[in-house]
Amino acid sequence: MTPHVSHADPPTVEPVYMEMRQGLGRPVVMTCRVLRAHPSRVLRFEWLLSNRLLHAGAFDAQRDETEYTIRSLNRDGWGEYTCNVINEAGAGKCTFQVTGKAYPPEFYYDTYSPLWQNRPRVYGFKLQWTQMNPNAVDRIVAYRLGIRQMGLQRWWEQEIPVDGAINKGELMTHNLTELIKPESYEVRLTPITRFGEGDSTIRIVTYSAPINPHLREFHCSFEEEAICMFTQDKNDDFDWTRHSAATRDTKYTPNTGPSGDRSGSKQGFYMYIETSRPRKEDEKARLVSPFFNVAPKNPYIITNPPAYCFGFFYHMYGKHIGTLNALLKQKGQTTSEAPAWSLNGNQGERWKQAKVSIHPTSSFQVVLEGIRGKGIEGDIAIDDVTLEEGECRDPPPNLSSKSPSTSSHIWLLCITLVMTLLEGQR
């Protein structure tokens, strides 16, 4: 008969690791529980801070846990507490990290139009956040704000002071200004208490045109993939394409389209219609802006509709260029109005600007419609779409408007010259 051998196992305990956050002067209670131990007769425990023994003893038969209490937490009490539960086979270990570190803030993302801008080259962003468990530790006295442009190493830092206690769920705001269009930024927010720095949170702020500007200015140069919340119309025949000259393949249709964006950059982006097969004559591509709200003087009735100046740059180069239309689409309208602006045919190998005054009576969108011409050399491009409050000042001439054509001006000039010569001969 083989003798029965009983093997011994070190105790299994919980929690293996636990972080406990607490403010100064408050109690902290740590409990280490034995889940199993064999043999369970001879169990001892010892509590240590770092490696300094605080308390030791033996388990009594009725209990499967041991507790250690800090009556009033002070600065010396922050650190790593361990409880070793020991039998003849070894030790099980509970670890408690006691800290006064504040929890991370939580950024609030679905802000109502958090971007704004009032100067052409900069934009602002309204940063909003709540504080996770603000009462778990000492009062947050400030936040350290770090910001850096994406792709750059250097952080700029400043402190945002906090007056009074922060309530759970309370929304805090800070305006970031002087951000350079169309750069994106990394933003880091760190709460500060008497303990020092808490846990940081990082988010990215990306430039996109405001969705609902009570406009001073809306400007979209299509540099970001989000294309300033423009969308492709679901009911047209094909889509506009976002491209830069650096990535565009011109070997198929070399005598058409732009060689750079409106600023002349090969890396800059623009939107264009690709007219190669399978596109057919008169097929349409429509690009629709986000909704803009009209800001009436009297909220109940708009008697005198406000004016907005809708501007964009166009490039219409190629012998098969079709038509480019700019339309105003108002909320609740089923039928589309006649274009506010229209131009067709080859306009030469350069970018030109169009501006048209529009007078919406309700919230509205602007639509850019490209229509394919007779053949493949017909790529129409657009860039730098703007919308500003007020009538357009000094709009460039629209070549399809009813103004006298250049040839009729020359004809009138010729008649005047002939008349003058005849007068002189008399």
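User: Is Cys-392 buried or exposed, and where are the boundaries between such classes drawn?

Analyst: A residue is called buried under 20% relative accessible area, exposed over 50%, and partly exposed in between, using a 1.4 Å probe and protein chains only. Cys-392, with a relative accessible area of 12%, is therefore buried, and Cys-309, at 6%, counts as buried too. Please keep in mind that this is a predicted model, in which local features need pLDDT of at least 70 and side-chain atom pairs count only at pLDDT 80 or more, whereas totals for chains, interfaces and linings use all residues. Residues are numbered from 1 along each chain as its sequence is written, and side-chain values use heavy atoms, with hydrogens and water left out.

User: How many disulfides are there, and by what rule is one assigned?

Analyst: A disulfide is a pair of cysteine sulfur atoms within 2.5 Å, and by that rule the count comes to 2. In one of them the sulfur atoms of Cys-309 and Cys-392 are 2.0 Å apart, and the link is right-handed, with 100° about the S-S bond. This pair links distant parts of the chain, 83 residues apart, since Cys-309 is in strand β23 (residues 308-316) and Cys-392 is in the loop between β28 (380-389) and α1 (406-425). Strands (E, at least two residues) and helices (H or I, at least four) are DSSP runs, numbered from the N terminus.

User: What does the link between Cys-32 and Cys-94 look like?

Analyst: Cys-32 and Cys-94 are joined with an S to S distance of 2.1 Å, and their link is right-handed, with 75° about the S-S bond. Because Cys-32 lies in strand β3 (residues 28-38) and Cys-94 in strand β8 (residues 90-99), the pair ties together parts that are 62 residues apart in sequence. Both Cys-32 and Cys-94 are buried.

User: Which residues touch the most other members of the largest nonpolar core?

Analyst: A nonpolar core is a set of buried Ala, Val, Leu, Ile, Met, Phe, Trp, Tyr and Cys residues joined through side-chain atoms within 4.5 Å. In the largest one, which has 34 residues, Phe-310 and Phe-312 touch the most other members. Strand β23 supplies the largest share of this core, 5 residues. A second, separate core of 23 residues includes Trp-47, Phe-59, Ile-70 and Phe-96.
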